[in-house]
Amino acid sequence: MGTENPSAPSRAQSAADRNPTRSRHRTGGIVHENTRHTTRFTVIGNHLTQHPELSLLAIGLGCHIQSLPAGAPADIKSLAARFKEGTTRIASALRELEAHGYLRRERVRTATGRIITRTTSCNQPGHRREAANTDCPAPPPRPAASDRAPQRRPRKALPAVPQPTRAAATALHQQATDLLTTLRRLDPRLLFSAADTAHLVPGVIAWLEREVTPTAVRHALTADLPDDPLRRPAALLAHRLTALLPPPPPYRGPETPPPVRHPLRTCEGCERAFRAPETETHCRDCRTTAPFTR
């Protein structure tokens, strides 16, 4: 009866003792209620969703981009239109994803010569494979710097503008030039080169010769401009000068010239003042009452 059993535990072990990783105090942690997805789902690795260095916005944006179908827009402007975080925060999150290998952005030239940004989403950074075909051919290998000749793409011509009459062009040229060069005060984007200004001046003169005030011309050119950056502001104004050109003013017949007003003269007969041409030396009364010799 007094023999001690060395195999018996000295005290009852609690559940926390049997599982050292289990907390002694319940904290109300997450409980998953999972239902297996069969359609419309995306497999995303925990290395992204639990990344120790990425911000929450970058993780969420990375998950959203991986869920997009091939060919969907993923540029800053499109993402800012979808989410309310704004272009600055979205651009910062994209740079985070790019720095950690979840995103690649490359500038490529299409078959038509247009430069676009091709975005590649990587669901496992470091495991690079051939991207899906997006009809954006890769650029050809660039020649060495010594073999490359400087090439400049030809500048696209501006749309035609209305042409005024020769007389109006001479009289209103400076007024039209001043109107165009002061538009930058209303909108800094409306800063034109000398060549663009010379191209637009005849169109402004065509408006002015149709009796449109400079204030009305200025309003027609600057009203309701888009908020986005203007790639070719001179082309936009050339289009407006042509599309919004008002009709000519109503026809007016030649005005009757005002009556001739002769200067005052002194009558040589009665010395009264009267108006008459220089050939007349006597007033009307003296000419009708007394004969005289011219």
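Colleague: Against which helices do the buried residues of H7 pack?

Modeller: This is a predicted model, in which local features need pLDDT of at least 70, side-chain atom pairs count only at pLDDT 80 or more, and totals for chains, interfaces and linings use all residues. Residues are numbered from 1 along each chain as its sequence is written, and side-chain values use heavy atoms, with hydrogens and water left out. Helices (H or I, at least four residues) and strands (E, at least two) are DSSP runs, numbered from the N terminus. Through contacts (heavy atoms within 4.5 Å), the buried residues of H7 pack against helix H6 (166–181), helix H8 (214–222) and helix H9 (233–243).

Colleague: How many residues of H7 are buried?

Modeller: Buried means under 20% relative accessible area, exposed over 50%, and partly exposed in between (1.4 Å probe, protein chains only). The buried residues of H7 include Asp196, Thr197, Gly203 and Trp207. H7 is mostly covered, and of its 15 residues the number buried is 11.

Colleague: How far apart are the end C-alpha atoms of helix H7?

Modeller: The expected span of a helix is 1.5 Å times one less than its number of residues. Helix H7 (residues 194–208) has 15 residues and therefore should span 21 Å. The model agrees with this, since its end C-alpha atoms lie apart by 21 Å.

Colleague: At which residue does H7 bend?

Modeller: The bend is the angle between axes fitted to the seven residues ending at a residue and the seven starting there. In H7 this angle is about 30 degrees, and a proline, Pro202, follows within four residues of the bend. The residue at the bend is Leu200.

Colleague: With which side chain does the side chain of Asp187 make a polar contact?

Modeller: Asp187 lies in the loop between H6 and H7. Asp187 counts as buried because its relative accessible area is 14%. A polar contact is a pair of N or O atoms within 3.5 Å; within protein, one must be able to donate a hydrogen and the other to accept it, and residues adjacent in sequence count only if both atoms are side-chain atoms. At 2.8 Å, the partner of the Asp187 side chain is the side chain of Arg189.

Colleague: How far apart in space are Thr49 and Ile59, C-alpha to C-alpha?

Modeller: Thr49 lies in helix H2 (residues 46–49), and its relative accessible area of 33% makes it partly exposed. Leaving aside neighbours within four places in sequence, Thr49 is in contact with Ile44, Ile59 and Cys63. Thr49 and Ile59 are 10 residues apart in sequence, yet their C-alpha separation in space is 5.9 Å.

Colleague: What is the phi of Glu271?

Modeller: Glu271 is found in the loop between strand E3 (264–266) and strand E4 (273–275). Glu271 counts as exposed because its relative accessibility is 66%. Although Glu271 is not a glycine, its phi is positive, at about 60 degrees.
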